[in-house]
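User: Please examine one part of this model closely, beginning with a strand and its pairing partners and then moving on to the ligand sites. Please state the cut-off behind each term.

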Amino acid sequence: MVVSMREGCPKSQVAAVIAAMERRGLKVRIISPGPKVVLGVVEAVSKHLTDDLRFALSDMPGVEEVSDFHTDWKLVWRGPEQQTSVVRMGGRSIGGPELMVIAGPCAVECRENLLQTAQAVAASGAGAIRGGAFKPRTSPYSFRGLGEEGLKYLAEARELTGLPVVTEVMSFHEVELVARYADVLQIGARNMQNFALLEAAGEVDKPVLLKRGLGNTVKELLLCAEYILARGNQQVMFCERGIRTFETETRNTLDLAAVPILKQNSHLPVVVDPSHAAGKRELVPALALAAVAAGADGLMIEVHPEPAKALSDGRQTIDLPAFDDLMKRLALVAQAVGKTIPGVNP
Ligand code: PEP
Ligand code: MN
């Protein structure tokens with residue numbers, strides 16, 4: 001159930017509505033704190049109670065509308081006129097007027113390589129460094145990451161550049177370990193519906209980047225974010241990274257429509273990963289530019305000093321000069337949609 005208060009109504013009226021809901025034993029959440037306050041009840045409520053409550057609340061001063069959720073994504077849902085939630089990432093943020101560009105190698109391979117990449121992407125205007133220390137690989141014999149050693153190199157890259165660290169956590173057993181080093185926990189496409197992992201991520205005080213599954217709908221993605229928010233962690237961002245279709249020219253098909261659909265349905269920021277969508281580095285710039293034009297709040301791009309030598313996903317990885325060039329072009333499109341990239345002049 002959602003209760004929308006009139007804009008500018010006094011705090012005492014909001015408090016009275018909350019008290020009336022709590023008197024019925026309901027746990028009230030503030031979906032939007034203002035300027036238009038929106039209150040919600042997340043737990044399942046009997047129809048009898050809902051009808052009774054709607055009747056009682058509708059007449060209270062300050063109440064504009066009482067409605068049942070027509071969706072199951074109650075916490076991720078975008079309330080009327082609600083702004084996109086700004087998620088803090090270390091010293092930076094995503095969801096506001098600044099375009100967040102997360103860049104770095106697919107996997108953390110070695111210390112020198114990572115530090116070199118971090119310094120270069122920072123100089124080009126990236127807002128965060130990425131790199132997997134725990135890698136989900138299709139074959140068990142492929143390079144599967146350096147584990148905690150990789151996390152240490154990522155922390156060193158943050159020290160060196162000031163960039164927050166985005167890195168994947170694959171199992172709920174490792175949430176605590178990864179959260180000790182990372183600024184943002186990435187939940188990968190293959191784990192989007194790993195509900196134990198989602199719930200564990202919902203209990204830590206670190207933002208989560210939730211990637212869309214290879215064969216999952218936008219609605220399923222929204223519901224997976226709901227798992228995290230329902231456990232208390234409100235700092236979640238979506239990541240569209242392409243889905244499997246019949247098309248074979250690209251590794252996946254970038255579903256750009258998912259960007260406005262997510263933005264219309266949810267207040268959470270949306271990131272687009274053109275690298276895993278394309279699978280080919282020559283397609284990455286066009287998809288990245290299109291994603292910003294479509295309204296993405298951020299991008300995640302695989303970058304490596306020598307993509308041909310990368311231990312994973314080299315084919316879709318761009319090199320450092322290509323990244324620098326792309327950032328300049330991104331700044332132009334960002335400007336056209338009312339965003340900026342700090343440190344990059346259009
Ligand atoms: C990644 O970001 O390196 C990754 C493994 O992505 P995905 O989960 O989207 O395949
Ligand atoms: Mn990758």
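Analyst: Strand β2 (residues 28-32) is mostly covered, with four of its five residues buried. Here buried means under 20% relative accessible area, exposed over 50%, and partly exposed in between (1.4 Å probe, protein chains only). Helices (H or I, at least four residues) and strands (E, at least two) are DSSP runs numbered from the N terminus. The model is predicted: local features need pLDDT of at least 70, side-chain atom pairs count only at pLDDT 80 or more, and totals for chains, interfaces and linings use all residues. Residues are numbered from 1 along each chain as its sequence is written, chains are lettered from A and ligands numbered from 1 in the order in which they are written, and side-chain values use heavy atoms, with hydrogens and water left out.

Four bridges join β2 to strand β3 (residues 38-41) in the antiparallel sense; two strands pair if DSSP finds at least two bridges between them. Within this pairing, Ser32 is the bridge partner of Val38, and Arg29 that of Gly40. The two strands form a hairpin with five residues between them, and Gly34 in the turn has a positive phi of about 155°. From β3, Val38 and Gly40 point one way while Leu39 and Val41 point the other way, and all are buried. In a regular strand the side chains alternate between the two faces of the sheet. β3 also pairs with strand β1 (residues 2-5), antiparallel and over three bridges, where Val2 stands opposite Gly40.

The next strand to consider is β7. Five of the five residues of β7 are buried. Met100, Ile102 and Gly104 point one way, whereas Val101 and Ala103 point the other way. β7 runs parallel to strand β14 (residues 298-302), to which five bridges join it, and parallel to strand β8 (residues 128-130), to which two bridges join it. Ala103 takes part in both pairings: its bridge partner in β14 is Ile301, and in β8 it is Ile129.

Because Cys106 lies in the loop between β7 (100-104) and α3 (111-124) and His276 in helix α9 (residues 274-278), the pair ties together parts that are 170 residues apart in sequence. Cys106 is buried at 4% relative accessibility, and His276 is buried at 8%. Asp313 is found in the loop between β14 and α11 (320-336). Although Asp313 is not a glycine, it has a positive phi of about 55°. Most residues other than glycine have a negative phi.

Ligand 1 has 14 residues around it, of which Arg130, Lys135, Ala189, Arg190 and Arg241 come nearest; a residue is near a molecule or strand if one of its heavy atoms lies within 4 Å of it. By class, this shell has four nonpolar, three polar and seven charged residues. In that scheme Ala, Val, Leu, Ile, Met, Phe, Trp, Tyr, Cys and Pro count as nonpolar, Asp, Glu, Lys and Arg as charged, and the others, Gly among them, as polar. Taken alone, ligand 1 exposes 300 Å², and the protein buries 97% of that. Accessible areas come from the Shrake-Rupley method with a 1.4 Å probe; for residues, only the protein chains shown count as cover.

Finally, Ser266 lies in the loop between α8 (258-265) and β13 (270-272). Ser266 is buried, with a relative accessible area of 0%, and its side chain reaches the backbone oxygen of Val76 at 2.7 Å. A polar contact is a pair of N or O atoms within 3.5 Å; within protein, one must be able to donate a hydrogen and the other to accept it, and residues adjacent in sequence count only if both atoms are side-chain atoms.
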